[in-house]
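Please keep the sequence and the coordinates in view while reading.

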Amino acid sequence: MTRSLQRTWPGVPWVAPAIALLLALSIYPLLYAIQVSFTGRAGEFTFSHYVRLTQDKLFLQALGQTLLYTAVALAIEFVLGFALALLVDSLPRGRGFFRAGLLAPMLLPPVVVAVIWRLIYNPQFGVLNGTLRAMGFNPDALTWTSGESSAMASVILVDIWEWTPFLFLLLSAGLQAIPQEPLEAARMDGASSWQIFRDILLPLLKPVILLAILLRAMDLMRIFDQIFILTQGGPGFATETISLYIYRTAFRFFNFGYAAAMSFLGLALTIVFARWLMRLMKVER
Amino acid sequence: MIRGWRLLPCALLLAACGGTGSRPSLTIAINAGVEGDALKAAANEWAAHNSTRLEIVELPYANLFEKELLDLTSRTGAYDVIMMDDPWFPRLVENGSLAPLERQPDADFLTSCLDVCREPYRTGTYYALPYVGNSQLFFYRKDLFDRYGLAEPATWDDVLNAARKIGAAEKMYGYVMRAAPGNAAVTDFMPLYWAFGAEVFDASGRPALATTEAFDSLRFMLELGKYSPPGYTGFNADEVSAHLLQSTAAMSINWPAWIAAMDDPARSKAVGKIAFAQMPSARRKGVAELGAWLLAIPAASKNRERAANFLFWATEAAQLKQAALRGNPPTRRSVFLDPALRARFRSFPAQLASLETARPRPRTPHWNEIENAFGLYLSRANAGSVSPEEAMRRAEREIAAIVQRGK
């Protein structure tokens, strides 16, 4: 037995349960899912699910819509979250109060948020159109989640309402961790607010920004619950995302092989995106 | 003596194991909703009379099918009795997953409800018994029809004319329908589709949606959409019923489960004003879509005999009368004709007439997937993003691919 093995061996029984749990709950299901994605209806080995992925127009549309949803929601949530973090950070007092208040939407379960917004968006009985009506407008054309052109924007708005606080929280924590000395030195040297923001705050915050974008983007790419309750992917196919499409394929149509193949493509895209962001983070260090 | 004391825990353990093992048990998977509530009450009563340990697994509609199919395909025998929506039957009965019934159901059951319990459809062996006799009804505002001198709508043209007239004269929508993708759009469309003479499959089993009859029926749906509330392309049953309850729409296709709400003063602004009619006709006589709930026994159940006893008991006339009082439409003629129930439920004659002629959804194990594809294009046509002809052609292509993949 080598020296390193002799050194490691006594620790093995202590980590063995955790490794066994990891193997049973993560690695085995992952390997099984890979096997399923290459298995046909009769149990034969097949590439057909992956071939179908390239020909399935609905899947490609759902993928495009997922990327659109992710990009738009992430961009707006980031800008709003950053602006709010800077605003609250600059307040002389009451920061704790505003932080607690702004976090409220994020603390609600996504399903509850979706149900609330479904009621808000109802064209006839919802509070949104009701308020517009009370103000003398005619909101009949505003069908929100029911209109093919407005549905995607409506579901993105719900995501922004719920998850902007998450970016606010991370960026706010990042701002608080920035040392004050460089900022004070820059002020003494006569730097403008914009110069301080661009040349000091932004570079110092970059690791936090990239981490926040990475976490939020991974979450957005697997969006399911809100859309399932708000629109079920409709009207037509206007708000279908890959998670919804995979769910339907697996649990409504019981085509687990194709659902697994779609899941792996989604996983591959997320990994590529995550690795790109992580490389950026390394470069910054 | 000491040795005897030492043996006591073992004896107690054995007694406990023996007690649990000897007491008969029954596990039932039911739908979380009004249909399941009635069955749950009946099962508790049956278990108490038969000294049976009862386990009820109550699942929401969206999860019930997947749990049942997983249990049947893996043959775990987790459930002794399962409750299923009738379109699921062709999929759940595949590969001998359900146990055939050893007794024939009696002739008091309505034929339309019994036919969907057989494999092959209508002619084969019985694998289930019908528990809830659901079929669509045409809900309309009788008070407004009387006010404008309109007769009960017998044809879809009558519906359109009434929608125009009432929509123009009243501060309400003439008609309301649901066209959210998937099940919602298809369910409301099928009576219209059939009435125009269209079918999902032709006589040889090939998808047949790109026909003149199919195009005309979808064009007619879009015409009705002009008199529906904005945003109906995202509507489900809740929104449709909300319009009737709030007195903001005059007509719709709906299910018997909503009848009680229409006459409930706490929920409805149209108490006693809504009448229930048969599906309107067009080129063919109008028929409703069937949506019966069935009870069946998984082949892998370890308590098949007990499960069969429960199944036949729960669907006896006396039990279905109790279920009707708890809100479930019955599946037996004698219960529909019961004078006490007729006095209590004014819609019973219309429900019976609807059930007698109701049509099930096409009997295919791939219906979930077909309905999803069909409903997607119906919803898109209603949203105006594709023409009726294009929607039907694309739906036909999608359905043909689904059928091909399923072979």
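At what angle do the axes of helix α17 (residues 367-383) of chain B and helix α18 (residues 388-406) of chain B cross, and within what distance do they come? The two axes cross at roughly 165 degrees and come within 9 Å. That makes α17(B) roughly antiparallel to α18(B), where angles under 35 degrees count as roughly parallel, over 145 as roughly antiparallel, 65 to 115 as roughly perpendicular and the rest as oblique. Axes here are lines fitted to C-alpha atoms, for helices over the stretch in contact, and angles run from 0 to 180 degrees between N-to-C directions. The crossing of α17(B) and α18(B) is right-handed; a crossing is left-handed if the near helix is turned anticlockwise from the far one by less than a right angle, and right-handed if clockwise.

The model is a predicted one, in which local features need pLDDT of at least 70 and side-chain atom pairs count only at pLDDT 80 or more, while totals for chains, interfaces and linings use all residues. Residues are numbered from 1 along each chain as its sequence is written, and chains are lettered from A and ligands numbered from 1 in the order in which they are written.

The helix pair can be described residue by residue. On the α17(B) side, the residues that meet α18(B) are B:Glu369, B:Ile370, B:Ala373, B:Phe374, B:Tyr377, B:Leu378, B:Arg380 and B:Ala381. Their counterparts in α18(B) are B:Pro388, B:Ala391, B:Arg394, B:Ala395, B:Glu398, B:Ile399 and B:Ile402. Contact requires that the C-beta atoms of two residues, placed from the backbone, lie within 7 Å. By class, the residues of this contact divide into eleven nonpolar, no polar and four charged. In this scheme Ala, Val, Leu, Ile, Met, Phe, Trp, Tyr, Cys and Pro count as nonpolar, Asp, Glu, Lys and Arg as charged, and the others, Gly among them, as polar.

Chain B as a whole has 18 helices and ten strands. Its radius of gyration is 24 Å, close to the 22 Å that the globule rule gives for 407 residues, so chain B is as compact as a globular protein of that length. The radius is taken over C-alpha atoms, and the rule is 2.2 Å times the number of residues to the power 0.38. Helices (H or I, at least four residues) and strands (E, at least two) are DSSP runs, numbered from the N terminus. Along the principal axes, the C-alpha atoms of chain B fill a box of roughly 95 × 50 × 40 Å. Buried residues make up 49% of the 407 residues in chain B; a residue is buried if 20 or more other C-beta atoms lie within 10 Å of its own, exposed if 12 or fewer, and partly exposed in between, with C-beta atoms placed from the backbone.

Chain A has 13 helices and zero strands. A compact globule of 285 residues would have a radius of gyration near 19 Å, but chain A has 24 Å. The C-alpha atoms of chain A fill a box of roughly 70 × 70 × 30 Å along the principal axes, and buried residues make up 31% of its 285 residues. Of the contacts in chain A with a separation of 6 or more, 70% are between residues 24 or more positions apart. A:Arg52 is found in helix α3 (residues 48-55) of chain A.

Where the chains touch, the contact takes 22 residues from chain A and 21 residues from chain B. The chain A side divides into eight nonpolar, ten polar and four charged residues.

Two loops deserve a look at the backbone. Most residues other than glycine have a negative phi, and most peptide bonds are trans. In chain A, A:Pro235 lies in the loop between α11 (225-230) and α12 (242-252), and the peptide bond from A:Gly234 to A:Pro235 is cis, with omega near -5 degrees. A:Gln232 is found in the loop between α11 and α12 of chain A and has a positive phi of about 55 degrees although it is not a glycine. With 22 C-beta neighbours inside 10 Å, A:Gln232 counts as buried.

In chain B, the loop between β4 (118-119) and β5 (125-126) holds B:Pro120, and the peptide bond from B:Glu119 to B:Pro120 is cis, with omega near -5 degrees. B:Arg122 lies in the loop between β4 and β5 of chain B, and its phi is near 75 degrees, a positive value in a residue other than glycine. B:Arg122 is partly exposed, with 14 other C-beta atoms within 10 Å.
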